[in-house]
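Here is a short briefing on one protein structure. Look at the sequence and the model before reading on.

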Amino acid sequence: MLNPIYKTIDLGNGKVITIETGKLAKQADGAVTVRMNNTMLLATVTAAKDANQGVDFMPLQVEYKEKFSAFGRFPGGFMRREGKASDYEILTSRLVDRALRPLFPDNFHAEVFVNIMLYSSDGEDMPDALAGLAASAALAVSDIPFNGPISEVRVARVKGKFIINPTFSELECADIDIMVGATERNIMMVEGEMNEVQETDMLEAIKVAHEAIKQQCRIQLELSEAVGKLTKREYNHETNDEALRQDIRSKCYDKVYAIAVSGSGKQERTEAFEAIITEYKTQLTEEELAEKDGMIVRYYHDVEKEAMRRAILDEGKRLDGRATTDIRPIWIETDFIPGPHGSAVFTRGETQSLTTVTLGTKSDEKLIDDVLNHGKERFLLHYNFPPFSTGEARPQRGVGRREVGHGNLAHRAIKRMIPKDYPYVVRIVSDILESNGSSSMATVCAGTLALMDAGVAIKKPVSGIAMGLISENKGANYAILSDILGDEDHLGDMDFKVTGTCDGITATQMDIKVDGLSYEILEKALAQARQGRLHILNKITEALSAPRTDLKPHAPRIETIIIAKEFIGAVIGPGGKVIQGLQEKTGATISIEEVDGVGRVEIAGTNQAIIDEALRSIRKIVAVPEVGEVYEGKISSIMPYGAFVEFMPDKDGLLHISEFDWKRLETVEQAGFKEGDLIRVKLIDIDSKTGKFKLSHRVLLPKPEGYQERTRPSSR
């Protein structure tokens, strides 16, 4: 017998979220449907009863999937069924994962699977803003240990007003668009893009989002109580040996601390840390190692973490010797590779991006066919993170979720700096050749440089920086770190990436790994990030102060012209005959589409001469005949009374026998012309009733001296 339980959340402005459990997917550990208007998600969560042998991390997997039937559409492709996850689905999964993962107990290592499925949409409400709430609510009605609940909301600023969970149409006019994940007490995750806004504006948006999240968290606690799931399952996923823990600390801590404050490089430091634990293991028997190796690794990791954190908090010394506000040395080289249309190397410390830019035509646009998003993308950014960049000896497989996420962050950072009317399709590819912290921010910097090297007229350069945090006693004692290392990210409490121009923030991504992060700390982190961003921006403009004034010689040239809508068919021709003929004749690549009630014609070629020839041909097609204009036409047929001349594409006019010459002709042949000959003519009249064109060749000839006008016979 069904016994569903409902809870509602009023967002205001007619937006009401309904959470229901007890009706669908009842064999999962937890399942809920979340609905706002006609957008409905089903979230389920299942967890293994025990952890797999040797697992000492949180094996969480979040999958967000959209059903094409949700929007009444068929999937594309031969199979006509949903296939691999789209970038949008991956990015939504990552948003949920990043908010949930830190809140599972540290010693809980059972596999947990969160599945969120979009089953209905009206194409207006954005489902990704509901995915985090749905996942957390499913955990709330389960017995899986979780230190939540959390929720996620999107907050946008439209015409100065903040809107929670805006619609697709509302978002089009927003200058702030961020997703915020939080518990009732603390911010856990922020990601989004902005139109060069100030730090105070971003902080205000986060506060507005958090107020909405607090209400959603309280509703989930009510839901958990209603289904009787406030008490979670018992588990025992770790075996500990306190004597071993203390022995490792007492024998290794001082050695580790000495390395932590030595200011050594990544490789030297890594080898020194490994040598300490290797030496420690020599005192153990093979049986002890086989039995306790997992615990040894875990306890030694805790020693490294404590030593690094104490060095920063007590002495202000970071692993590489920098002060908390220092940026690592930067070197830059542009025009690094001859083949691409633009390239740059950006190296900051031990992080390096080799980035290229390729310019293309309309035919190079990316076609997007997601459930709720189908269109074309003219600015692409791809990020690659090969294993050798961190010295790992393993094969490189396909593009992972991390690469999709980092590439998306860099894309959002730069995209608003590409002029909307820029005629080229632009692709940036960032290959990370070295990595020790914040390769996505290196991608933003290298991408900006490569764009300017390619001659792309970006509005302003963009730089990015990653900020870290080391804190204790719920933020009573803390240090904010600029330009963090990989170890400072791994062992620290925050990874806060901020990108922007000299005038404001363009994108951000923040993950918090600790309770009690105050808005005061966030405000200070943003202020410190701004100083670091501007420092890096100065290095970028020192290397290349502005976009190059011309494209590379081998880059395609593109010109765009606007024609009247009624001429689109004439340029294309029946079955594409005209446009294909123009491309074959000129060697140009020509595309045409209707935009805002006019025809937009894009002409691309390897040199200007090709483009000019194509332009002349198209202008002839779309030109409007004007009385008094002179044209070069072709005689299409000869009649006893004159000749018909095609003086414009598909436009013929009568050249009467009397208009060939000033002298009287008995036959057209006496003028010396035949069919197919070219002849210069002037349009002397357009019949207002019939629209017929009257041409003259004689008016372009010198008038004989003493010539007297004769009475002309009427034209036929």
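Which residues are buried in α8? In α8, the buried residues are E403, V404, G405, H406, G407, N408, L409, A410, H411, R412, A413 and I414. Buried means under 20% relative accessible area, exposed over 50%, and partly exposed in between, with a 1.4 Å probe and protein chains only. This is a predicted model: local features need pLDDT of at least 70, side-chain atom pairs count only at pLDDT 80 or more, and totals for chains, interfaces and linings use all residues. Residues are numbered from 1 along each chain as its sequence is written, and side-chain values use heavy atoms, with hydrogens and water left out.

**Helix α8**

- Helix α8 covers residues 401-414. Helices (H or I, at least four residues) and strands (E, at least two) are DSSP runs, numbered from the N terminus.
- α8 is mostly covered, with 12 of its 14 residues buried.
- From first C-alpha to last, α8 reaches 20 Å, close to the 20 Å expected at 1.5 Å a residue. The expected span is 1.5 Å times one less than the number of residues in the helix.

**The eight-strand sheet**

- Eight strands form an open, antiparallel sheet in the order β8-β7-β9-β10-β21-β20-β18-β19. Two strands pair if DSSP finds at least two bridges between them.
- β8 (161-164) and β19 (477-482) stand at the edges with a single partner strand each, so one side of each has no neighbour in the sheet.
- Neighbouring strands of this sheet are turned by 15° against each other on average, direction ignored. Axes are lines fitted to C-alpha atoms, for helices over the stretch in contact, and angles run from 0 to 180 degrees between N-to-C directions.
- Helix α4 (residues 199-226) packs on the sheet and touches β7 (151-158), β8, β9 (174-182), β10, β20 and β21. The direction of α4 makes about 140° with that of β7. Contact means heavy atoms within 4.5 Å.
- Helix α11 (residues 519-543) lies across β10, β18 (463-472), β19, β20 and β21. α11 runs at about 145° to β18.

**Strand β21 and its partners**

- Nine of the nine residues of β21 (residues 504-512) are buried, so this strand is largely enclosed by the rest of the structure.
- Strand β10 (residues 187-197) pairs with β21 in the antiparallel sense over six bridges. Here G192 stands opposite T508 in β21.
- Strand β20 (residues 494-501) also pairs with β21 in the antiparallel sense, over eight bridges. T499 stands opposite A507 in β21, and V498 has T508 as its bridge partner.
- β20 and β21 form a hairpin with two residues between them.

**Residue D489**

- D489 is found in helix α10 (residues 486-491).
- D489 is partly exposed, with a relative accessible area of 24%.
- Not counting residues up to four places away in sequence, D489 touches I484, D495 and K513.
- D489 and D511 are 22 residues apart along the chain, and their C-alpha atoms are separated by 10.0 Å.

**The three-strand sheet**

- Three strands form an open sheet in the order β22-β24-β23, with antiparallel pairing.
- β22 (557-564) and β23 (589-595) stand at the edges, each with a single partner strand, so one side of each is left without a neighbour in the sheet.
- On average, neighbouring strands of this sheet are turned by 20° against each other, direction ignored.
- Seven bridges join β23 to the antiparallel strand β24 (residues 598-605). I590 has I603 in β24 as its bridge partner.

**Helix α14**

- Helix α14 (residues 608-622) lies across β22, β23 and β24, running at about 5° to β22.
- α14 has 15 residues and reaches 21 Å from first C-alpha to last, close to the 21 Å expected at 1.5 Å a residue.
- The buried residues of α14 are I610, I611, A614, L615, S617, I618, I621 and V622.
- Seen down the axis of α14, its buried residues fall within an arc of 165°, so they line one face of the helix. The arc is that of the directions from the helix axis to the C-beta atoms.
- What covers these buried residues of α14 includes β22, α12 (568-572), α13 (577-586), β23 and β24.
- On the other side of α14, A609, R616 and K620 are exposed.
- At the start of α14, a side-chain oxygen of N607 reaches to within 3.1 Å of the backbone nitrogen of A609.

Methods. Polar contact = N/O pair within 3.5 Å; in protein donor to acceptor, adjacent residues only side chain to side chain.
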